[in-house]
Structures are given as structure tokens and as C-alpha cells.
Amino acid sequence: MGKNLLFLSSSLLALIFLNELKGKPNIIFLLADDQATISMGCYGNKDVVTPNLDRLSRKGLTFDNHYVTTAICMASRASILTGSYEYQHGCNFNKGRLGEKDLENSYPVVLKKAGYITGFAGKFGINLKNKSPEEIFDWWGGGPGQTSYATKRNISMKKYADKYPHSTISYGAFGRDFINHASKTGKPFCLSISFKAPHMPDTPDGKYNDVYKNKTFQKPANFGREYSRHLSQQSKQGRQWERWETWGYKDNYDQVMQKYHQLVYGIDQATGMILSALEDNGLENDTIIIYTSDNGFLCGSHGYGSKVLPYEESVRVPMIIYDPRLESKKQGKRIAALTANLDIAPTIIELAGQKKVHTNEGISLVPLFTEGQSEWRHSLAIMNCWGPIESQYLGIVTRKWKYIYWFYGEKMVPKEELFNMEKDKYELINAAEDERNQRDLEKMRALYDQEVSSVKKESASSHKIYGALFDRTIPWQKKRELIQTINN
């Protein structure tokens with residue numbers, strides 16, 4: 001967006017921090033799939049059991065305003081890999097594949113060139129141009145598409161199937177074996193594990209059935225359809241609306257959430273296996289662990305299921321960075337700064353002592369390891385360019401406000417939504433409809449229009465249409481004609 005606010009003092013501190021390193025650190029990146037913040041104890045849910053993830057939080061940095069810029073698997077994963085917005089890399093299910101240039105600037109390729117041993121297991125979830133993902137990594141335990149919860153169905157993981165029939169724990173075993181191998185080489189390593197859990201279908205590991213047996217869960221304050229009356233018609237057109245009923249949130253909330261949280265518990269146990277492997281090999285003081293999710297999950301908030309939508313439960317996700325080199329007074333710190341999935345690749349690259357990739361839109365978070373300023377970046381964009389055209393949108397998030405523009409106007413009116421993130425985290429009030437917020441609304445519109453200009457200038461060919469669709473000044477009739485031209 002070109003609006004990132006970095007300070008010279010932060011850069012100097014980051015440089016000093018990196019210069020003090022004795023060799024390059026090992027880096028482990030753990031990615032969940034569809035994990036909401038309500039699924040972790042360290043994010044305030046006393047109903048759940050996540051001891052290993054909470055341990056990372058207690059000893060590391062926990063980010064309270066971490067957003068995905070696109071709340072759908074492939075686009076978000078491509079943004080994590082490259083540090084770029086979806087409209088820049090152009091990769092999503094029905095849009096395009098990730099190109100060679102973006103891939104060359106991705107964190108695993110940069111680190112491999114720098115001498116790191118690289119490994120990957122789990123759901124890769126990104127379509128590439130002219131290359132297979134196996135070529136990127138030295139160790140491969142990944143799979144195409146959604147992969148399976150049954151280990152035996154994941155070809156690259158079959159050797160783990162007998163002992164670890166559920167894929168979540170098999171990835172923990174892969175991580176253990178990779179660490180055992182890499183520890184003997186004398187080289188730094190970068191291990192990426194992308195769990196399928198807790199993605200649907202909700203098929204948790206049966207050996208953990210007792211963890212949440214007969215458990216009831218406290219519902220969030222915005223749970224149910226009565227809290228969607230003020231939200232746009234557009235947001236109620238896609239599958240997120242009907243899944244309130246078909247996925248059981250309306251009538252079987254506790255049963256659905258038992259399975260969901262049990263899947264997350266499996267991730268927690270796999271994380272424990274990886275932590276034990278680090279300790280067994282004497283690497284616990286040399287290895288940085290980053291934990292997050294590709295998007296959140298609505299879980300019945302506002303009467304929606306699934307993800308994609310711009311509301312908090314969908315776009316704000318867990319994010320923990322554990323660095324054993326942190327001073328004890330920094331451990332367990334909460335970070336209020338506005339951060340994004342775009343920041344993960346630049347952070348990993350800088351931690352590995354490599355130069356910033358000039359195409360990255362994201363910002364390295366390394367300065368936050370030593371400082372805690374809240375005004376890290378002024379704003380970031382959130383978007384959906386996938387699925388029914390009715391439910392596609394562009395939005396802007398700041399520390400105080402979230403602004404969303406729903407452009408679709410066939411039998412409905414394009415709509416603005418504005419939420420006060422300081423006073424209304426559950427998004428219960430559309431502040432755009434209150435004249436007292438007019439000045440703030442105009443400021444958010446200006447940021448939005450600035451982002452639209454970036455979309456027009458920087459979009460990949462697969463996303464050029466969105467420069468017009470997101471433009472607030474272009475009437476719906478012209479947008480409809482443009483959509484029809486593309487479809488025909």
C-alpha cells in the first residue's frame with residue numbers, strides 16, 4: 001500500500017539485534033487451516049485445552065491484531081509465502097497460479113539459496129506455474145488440494161500411516177524426524193508444516209475423544225442471526241450464510257465445537273512432538289517458532305459459518321512468535337500492533353539474515369521483538385475476490401476502524417460498513433450509519449480509494465477487473481457490463 005510507518009530507531013534496533021546473532025537461527029513455521037482465535041487458551045478461551053500453544057505464547061510474543069488479507073486458503077497461503085496481496089500475486093482457486101518471479105522471492109526459496117535445509121509437510125494449497133512444490137524443499141511430506149485426515153491417503157506421508165493414522169499427528173512425526181536429521185548436518189533449517197486441521201470435514205483424531213466429551217462452550221457475544229441484521233445483503237448471499245444451519249451452529253453448537261476444538265487439540269499435541277524433538281537435539285535455544293492460521297472461522301458469529309467474510313472471526317487470526325533469544329522481560333508480551341499475513345515472509349527472511357525482497361508488501365516484524373510500538377502500520381487491506389460475485393469486497397483496517405465496501409448492486413444497494421475496532425470488536429453496530437462518525441468515515445473512504453488506486457496499478461492480469469469493481473465512483477451498471485464481458 002505504500003503507507004507503512006517504520007521508524008529509523010526500529011530499523012537500527014533490528015540491525016543490532018541481528019548482528020548479535022551467533023550464526024543463523026533455525027526457523028519453524030506452523031500453519032493451521034481455518035483456526036479462529038477462540039480455539040486457544042492464550043487468546044482468552046477458558047473452555048479449551050491448548051497447553052503447548054499456550055506455552056509458546058507464555059515464552060514468546062502473542063499478536064492481538066493479526067489479520068489475513070484474504071480469508072480463503074489458497075490466496076492467503078500465497079500471500080504468506082510471498083508477502084504480497086492477492087491482487088499482486090494473482091493466485092486463487094479460480095483466478096491464476098503463482099508465477100516464477102513470486103516464487104523466487106518466497107521465503108523457502110530465499111532461505112534454501114542461503115544454505116538452509118528446507119522441509120515441508122501438510123497441505124501446500126497453492127497452484128504453481130511450471131513447477132512442482134517438491135522442487136522447493138529438501139524434505140517433502142506435502143500434498144495437493146485439501147489433502148486428507150487419513151494419513152494413508154496422503155502419498156508422501158504413507159510411511160507414517162500405521163503408527164500415526166490421523167494426519168495431524170503424522171505431521172508432528174515428520175517434524176520430529178526432520179529435526180533429528182537436520183541437527184546432524186550442522187546447517188540451519190527452515191521447517192514449514194501446514195496442518196489440515198481444523199478444516200472441514202470435522203474429523204478429529206479418535207484418541208482424543210475424551211478431551212471435550214460432553215463439554216459445553218460459552219458462545220461469543222455476537223453469536224446468532226439477530227446480530228447480522230445491520231450487515232449487508234451481499235454478505236448473506238454466499239455459502240457462509242446457509243452454513244449457519246447446514247453445519248450445525250444453529251442447533252448443535254456444542255457438538256460442532258467439540259469436534260472443532262478436538263482438531264485443534266491434535267495440532268497442539270503435534271506441536272508438542274516438535275518441541276520435544278528440539279529439546280532432545282539441544283536446539284531449543286537456537287530455533288524460532290512462528291504459529292498462525294491461513295484464515296479464521298466464523299463458528300456461528302453473526303449467524304454465519306465458514307470464513308471469507310471481512311468480519312473479525314474470519315479475518316483476525318492467532319499469531320505467536322517464539323524466539324528463545326528474547327529477554328525474559330519480553331517473554332509473554334502481547335503485541336497490539338496491526339500486523340498481517342503479508343509480514344510473515346519478510347520476517348522469516350530477515351531472521352535468516354537475508355536482504356529484504358523488494359517486491360514484498362509486508363513488513364518484517366523483527367523490530368517488534370525489541371520494541372512494542374502500537375503504530376506499526378497505519379492500515380492494511382482485506383479483500384475477497386473468490387466465489388459468488390455478490391459477496392466479494394474490498395476493505396481497510398486500521399487500529400481504530402474497519403471499513404468495508406460491498407460493490408455488488410443487482411437487486412440490492414452497494415453498501416458501506418464501518419466498525420469501531422476499539423469499542424465494538426464484535427461488530428455489533430454499523431458506525432457508517434451514524435452522522436457523528438462522518439469525519440472518520442471520510443478518512444476511511446480516502447484510505448480505501450488510495451488502495452483502489454494501488455489495485456489499478458499493481459494488479460496481476462487475473463485481477464485487473466477489480467480496479468473497476470472496487471471503485472466507489474463507478475456505477476453498478478458499468479460494473480455489471482464489465483462482469484458480463486468477462487463471463488462471456
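Okay, a quick one to open with: is Glu327 buried, exposed or partly exposed? Glu327 comes out as partly exposed, at 47% relative accessibility. Keep that residue in mind, we'll get back to it.

So, hi everyone. What you have up there is a predicted model, and I'd like to walk you through it.

Let's talk confidence before anything else. The chain has a mean pLDDT of 94, and 94% of its residues get to 70 or more.

Picture 8 strands in an open sheet, going E5-E4-E6-E1-E7-E8-E2-E9, with mixed pairing. At the edges you find E5 and strand E9, residues 333–335, and each of those pairs on one side only. From one strand to the next, the twist averages 15°.

Let's zoom in on E6, residues 189–194. For E6, strand E1, residues 26–32, runs parallel to it and is joined to it by 5 bridges. Strand E4, residues 117–123, runs parallel to E6 too, with 6 bridges joining them. If you want to find these on screen, look for Leu30 opposite Ile193 in E6, and for Phe29 opposite Ser192. Ser192 also has Phe120 standing opposite it.

And what about the faces? In a regular strand the side chains alternate between the two faces of the sheet. In E6, one side carries Phe189, Leu191 and Ile193, the other carries Cys190, Ser192 and Ser194, and all of them are buried.

Some helices come in here. H7 packs on the sheet and touches E1, E4, E5 and E6, with its direction at about 175° to that of E6. Helix H11, residues 344–351, lies across E1, strand E7 (287–293) and strand E8 (319–322), and runs at about 165° to E1.

While we're around H7, here's a loop residue. Ser148 sits in the loop between strand E5 (139–143) and helix H7 (167–182). Is Ser148 buried or exposed? Ser148 is buried, because its relative accessible area is 14%, and the cut-off for buried is under 20%. Leaving out residues up to four places away in sequence, Ser148 touches Arg153, Asn154, Ser167 and Lys196.

E11, residues 380–384, is mostly covered, with 5 of its 5 residues buried. Leu380, Ile382 and Asn384 point one way, and Ala381 and Met383 point the other way. Strand E12, residues 393–397, runs antiparallel to E11, and 5 bridges join the two. Met383 is the one to click on if you want to see this, with Leu394 of E12 opposite.

Last topic: salt bridges. The count comes to 26. One of them is between the side chains of Asp64 and Arg334, at 2.7 Å, N to O. Asp64 is in the loop between strand E2 (61–63) and strand E3 (66–67), and Arg334 is in strand E9, so this pair ties together parts 270 residues apart in sequence. Asp64 is partly exposed at 22%, and Arg334 is partly exposed at 36%.

Another salt bridge joins Arg243 and Glu242, at 4.0 Å, N to O. Arg243 counts as buried at 14%, while Glu242 counts as partly exposed at 37%.

And now back to our opening residue. Glu327 meets Lys329 in a salt bridge, side chain to side chain, at 3.7 Å. Lys329 is exposed, with 68% relative accessible area, whereas Glu327, as we said, is partly exposed at 47%.

One more to look up on your own screen: Glu312, Arg316, Lys402, Lys425 and Glu427 are linked in a network of salt bridges.

How values were computed. Residues are numbered from 1 along each chain as its sequence is written. This is a predicted model: local features need pLDDT of at least 70, side-chain atom pairs count only at pLDDT 80 or more; totals for chains, interfaces and linings use all residues. Side-chain values use heavy atoms; hydrogens and water are left out. Buried means under 20% relative accessible area, exposed over 50%, partly exposed in between (1.4 Å probe, protein chains only). Helices (H or I, at least four residues) and strands (E, at least two) are DSSP runs, numbered from the N terminus. Two strands pair if DSSP finds at least two bridges between them. Contact means heavy atoms within 4.5 Å. Axes are lines fitted to C-alpha atoms, for helices over the stretch in contact, and angles run from 0 to 180 degrees between N-to-C directions. pLDDT is the predictor's confidence in each residue, from 0 to 100.
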